[in-house]
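Subject: Structure for your review

Dear colleague,

Please find below the structure that I am handing over to you. My findings follow directly after it.

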Amino acid sequence: MRDAYIVTAVRTPGCKSARGTFKDTRPEDLLSFIVSAAVERTPNIEKKDVEDFAIGCAFPEAEQGLNIGRVGAQIAGFPDETSGFTINRLCSSGLEAIAGATLRVRAGWSEIVIAGGVESMTMVPMAGNLPRPHPEYSKIHAALWGNMGNTAETVATRYNISRQAQDEFAYKSHMKATEALNKKLFKEIVPTPAVKYVMQKDGTYKKETFIIDYDDGIRPETTVEGLAKLRAVFSVGGTVTAGNSSQTTDAAGAAVIMSEDKVKELGIKPLAKVKCYTTVGCRADEMGVGPKYAIPKLLKIAGVDLKEVGLFEINEAFASQALYCIQELGIDMAKVNIHGGAIALGHPLGATGAKLTATLLSNMREKGVKYGVESMCVGGGMGAAALFELCD
Ligand SMILES: CC(C)(COP(=O)(O)OP(=O)(O)OC[C@H]1O[C@@H](n2cnc3c(N)ncnc32)[C@H](O)[C@@H]1OP(=O)(O)O)[C@@H](O)C(=O)NCCC(=O)NCCS
């Protein structure tokens with residue numbers, strides 16, 4: 001099989017759902033902006049050169065329904081010939097899109113595909129607008145439809161991840177993110193238009209846009225003591241709080257995947273390649289353990305040792321599960337989420353896989369690291385992981 005390369009990987013800022021900067025910005029607009037930006041940042045290509053869109057979305061309905069992969073392409077002004085589809089593996093949807101598009105290009109079925117993800121958790125809530133669990137099976141296997149926070153509580157109690165350890169992990173996430181923000185290290189972010197509705201003198205509202213260029217959920221003032229005071233939100237007497245959970249977020253991310261032949265023809269310097277991608281299932285009631293199984297499976301298939309991996313982006317769905325997986329795998333904490341994770345930067349479900357790819361590749365370039373791993377737990381009881389190799 002020929003090679004396929006990621007030549008560009010970008011993301012919008014991640015903004016807090018409901019109260020954050022993108023609360024009035026539609027997901028189609030976030031997506032159409034970031035895919036256009038991805039093309040603009042790729043030398044020697046135009047929109048007409050992109051054959052297809054693979055777009056991850058965890059709750060593809062309402063504002064982000066009707067196949068947002070196609071809608072986003074059309075709103076962004078890609079020609080009718082550019083097709084598009086939406087793909088859903090909940091929290092790994094964006095990564096699934098990137099891995100799938102890579103395979104397609106490697107197989108020779110396409111030359112240039114844009115893969116990414118989008119989620120407005122403001123406009124479409126987790127579990128969707130009208131959850132309808134199976135009437136009988138949801139009683140037998142409630143965890144399949146259950147709140148993700150409960151699975152984080154289960155991981156904490158089942159594997160003895162203390163409240164203090166969770167809070168310290170959350171604190172570090174905010175501190176790393178604060179430092180990266182201050183040092184302007186989020187190079188993968190494209191300043192993105194946000195919408196606001198401004199009341200006019202006559203009482204009507206006018207739609208205005210402004211630019212946001214940072215993740216608005218970072219809390220530089222966070223302290224371990226402050227986090228310790230927060231009450232558990234998912235169970236009485238539990239340990240999972242608003243402070244040690246990922247934030248619900250609106251965002252989009254996109255990557256341009258190009259064939260080896262096209263890269264040569266256009267004289268483009270590729271960024272990285274997806275060396276391997278895999279998924280694994282686990283118990284739904286402890287879905288957070290997913291990376292513990294996905295990462296070793298990934299590295300075994302790829303024939304790469306854990307010690308050869310220079311950087312990890314392990315999604316911080318919750319501190320309890322991220323910490324448990326990192327500890328169990330014996331990963332050096334200094335290599336993990338070096339600019340903070342979803343506790344500080346947000347977890348926009350279907351966009352997260354693409355967002356973390358953009359962040360990981362940017363960080364790999366910053367540190368000159370050859371191998372990077374991205375991994376996340378996935379609702380319903382799964383783990384996903386990808387191995388990226390930086391190009392020289
Ligand atoms: C946990 C959760 C319910 C909290 O939602 P929320 O109440 O909207 O959370 P907020 O970020 O607004 O925080 C609530 C309060 O906690 C406190 N808080 C949060 N983070 C804090 C921090 N780092 N330091 C101190 N206080 C903090 C603040 O008092 C805050 O209120 P304020 O913003 O008015 O100051 C929500 O973030 C959630 O559901 N997360 C998990 C999402 C999920 O399941 N994703 C899928 C994973 S598989």
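In this predicted model, helix H1 passes helix H2 in a right-handed crossing. On the H1 side, the contact is made by Pro-27, Glu-28, Leu-31, Ser-32 and Val-35, and on the H2 side by Ile-68, Val-71, Gly-72, Ala-73 and Ile-75. Sorted by class, the residues of this contact are seven nonpolar, two polar and one charged. The two axes come within 8 Å of one another and cross at roughly 65°.

Helix H2 itself covers residues 68–75, and its buried residues are Ile-68, Gly-69, Val-71, Gly-72 and Ala-73. The elements that cover these buried residues include helix H1 (27–40), along with strands E3 (52–56), E4 (83–87) and E5 (112–120). After H2 comes Gly-77, which has a positive phi, near 85°.

From H6, the residues in contact are Ala-165, Gln-166, Phe-169 and Ala-170; from H10, they are Ala-319, Ser-320, Ala-322 and Leu-323. This contact of H6 with H10 divides into six nonpolar, two polar and no charged residues.

The loop between strand E10 (309–314) and H10 holds Asn-315. Is Asn-315 buried or exposed? Asn-315 counts as buried, because 29 C-beta neighbours lie inside 10 Å, and the cut-off for a buried residue is 20 or more. Leaving aside residues up to four places away in sequence, Asn-315 touches Cys-91, Gly-341, Ala-342, His-347, Thr-352, Leu-356, Met-376 and Cys-377. Val-236 lies 79 residues from Asn-315 along the chain, and the C-alpha atoms of these two residues are separated by 25 Å.

Kind regards

Note on methods: Residues numbered from 1 in each chain as written. Predicted model: local features only at pLDDT ≥ 70, side-chain atom pairs only at ≥ 80, totals over all residues. Buried ≥ 20, exposed ≤ 12 C-beta atoms within 10 Å, placed from the backbone. Helix = DSSP H or I, 4+ residues; strand = E, 2+ residues; numbered from the N terminus. Contact = placed C-beta atoms within 7 Å. Axes fitted to C-alpha atoms, helices over the stretch in contact; angles between N-to-C directions. Left-handed = near helix turned anticlockwise from the far one by under 90°. Nonpolar A, V, L, I, M, F, W, Y, C, P; charged D, E, K, R; others polar.
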